[in-house]
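Please open the model in your viewer and keep the selection tool at hand. The tour below goes from stop to stop, saying what to select and what is found there.

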Amino acid sequence: MNQPRRFALVAGETSGDLLAGLLLKGTRQRWPDLQAAGIGGPRMIEQGFDAWWPSEKLAVRGYVEVLRHYREIVGIREQAKQRLLGADRPDVFIGVDAPDFNLDLEAALKASGIRTVHFVCPSIWAWRPERIEKIRRSADHVLCIFPFEPELLARHGIASTYVGHPLADVIPLVPDRASARTSLGLADGDAVIAILPGSRASEVQYLAHVFFAAAAEMLRQRPALRLVVPAVPALREKIEVAARGAGLGAQLTVVPGQSHTVLAACDVTLIASGTATLEAALFKRPMVIAYNMNWLSWQIMRRKQLQPWVGLPNILCNDFVVPEYLQDAATPQALAQAVLDWLDAPEKIGDLQQRFTALHHSLRQNTSQRATDAIEKILAA
């Protein structure tokens, strides 16, 4: 009898867990008896994934922040490598984003003859282009979520497939705003601001107090606003403490998870730079993107930046279609005014929604099937 397929995956944070969960759903349709294990989160576990470590163990961003957790992260990677080279040797290893963790692991596995796939091309087109050589050494194949990436990789002899973005398949082209508002107890006529201060503890540490101070300023100017925060369950207490510290009360609602429902329901979102900004774009929502991190990490990162944009919607549209406020520029007053400006610009919002709809169509490619087809070809090679 044929042995079931054995996949190993590592997804390093909430967004990676979401992408990997969608990928596993597609691969399990192709291989119903698939065995999958490694590092992951609840979305992956829902698909029968055996999580040796939780994905939040790797959810650290910034040079200084990584140094604080370096010993633990390296220890996890070494233990995972030994398992995958030993009794838990997989047919294929799929590193889902988290390039700083996954590429080194992939290189060791590839050298031992294990097929390696990297899902989500590292953003070499935005910063740290030197990683292209590491990708070549580490990955047999790259699954690209943006259409311009395969050509870039091909120039360096790296095999890849454009699979589209799985979120574009999941999020409807026309979001059901009315149902989302009903489920959150919001009225159709409410002016609703979604506040998303990040899915990592380090992001909440640096952004939550600024975002909630901005929210307090918005309420000072427009007391009828409704504020909704979809909180990662593990970070809900920190978020609620930060909200109380800003003096926010009944007009702010913190809900566990439900970020898609909140984005569908809102008029504008104040949002941390990251995958969530792409989700907001797919929900056709105007946004204000902000980010703040350790000062030294910021100084290092800004010197490696290749493009004038940080937010994914701006990068993909090749334009500042939504405002970005980074580091010292992300003051409560600036963020509050930028959010309120959207509420007063219906024509501008209409133009933005047209651009986001075109973006949505370009990314909607039935990602699970395309990725599964690519993996099947790799296994057959």
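Select Gln 327 to begin, which at 6% relative accessibility counts as buried, where buried means under 20% relative accessible area, exposed over 50% and partly exposed in between, with a 1.4 Å probe and protein chains only. Gln 327 sits in the loop between strand E13 (324-326) and H16; helices (H or I, at least four residues) and strands (E, at least two) are DSSP runs, numbered from the N terminus. Although Gln 327 is not a glycine, its phi is positive, at about 55 degrees.

Before moving on, note that this is a predicted model, in which local features need pLDDT of at least 70 and side-chain atom pairs count only at pLDDT 80 or more, while totals for chains, interfaces and linings use all residues. Residues are numbered from 1 along each chain as its sequence is written, and side-chain values use heavy atoms, with hydrogens and water left out.

Next, select Lys 284, in the loop between helix H13 (275-282) and strand E12 (287-291). Lys 284 is not a glycine either, yet has a positive phi of about 65 degrees, and Lys 284 is buried, with a relative accessible area of 5%.

**The nonpolar core**

Now select Phe 7, Leu 9, Ile 94, Phe 119 and Phe 212, the residues with the most contacts inside the largest nonpolar core, which has 101 residues. A nonpolar core is a set of buried Ala, Val, Leu, Ile, Met, Phe, Trp, Tyr and Cys residues joined through side-chain atoms within 4.5 Å. The largest share of this core, ten residues, comes from helix H10 (residues 201-221).

Which residues is Ile 94 in contact with, leaving aside its neighbours within four places in sequence? They are Phe 7, Ala 8, Leu 9, Val 10, Leu 23, Val 117, Phe 119 and Ile 375, where contact means heavy atoms within 4.5 Å.

**H10 against H16**

Axes are lines fitted to C-alpha atoms, for helices over the stretch in contact, and angles run from 0 to 180 degrees between N-to-C directions. Among the residues that make the contact are Val 210, Phe 211 and Met 218 of H10 and Leu 335, Val 339 and Leu 340 of H16.

**H1 against H18**

Select helix H1 (residues 14-30) and helix H18 (residues 367-380), whose axes come within 9 Å and cross at roughly 60 degrees. That angle makes H1 oblique to H18. The residues of H1 in this contact include Leu 22, Leu 23 and Arg 30, and those of H18 include Asp 373, Ile 375 and Glu 376.

**H5 against H6**

On the H5 side the contact includes Asp 100, Glu 106 and Lys 110, and on the H6 side Arg 131, Lys 134 and Arg 137.

Finish at Val 310, in the loop between helix H14 (295-303) and helix H15 (312-317). At 27% relative accessibility, Val 310 counts as partly exposed.

Technical notes:
Angles under 35 degrees count as roughly parallel, over 145 as roughly antiparallel, 65 to 115 as roughly perpendicular and the rest as oblique.
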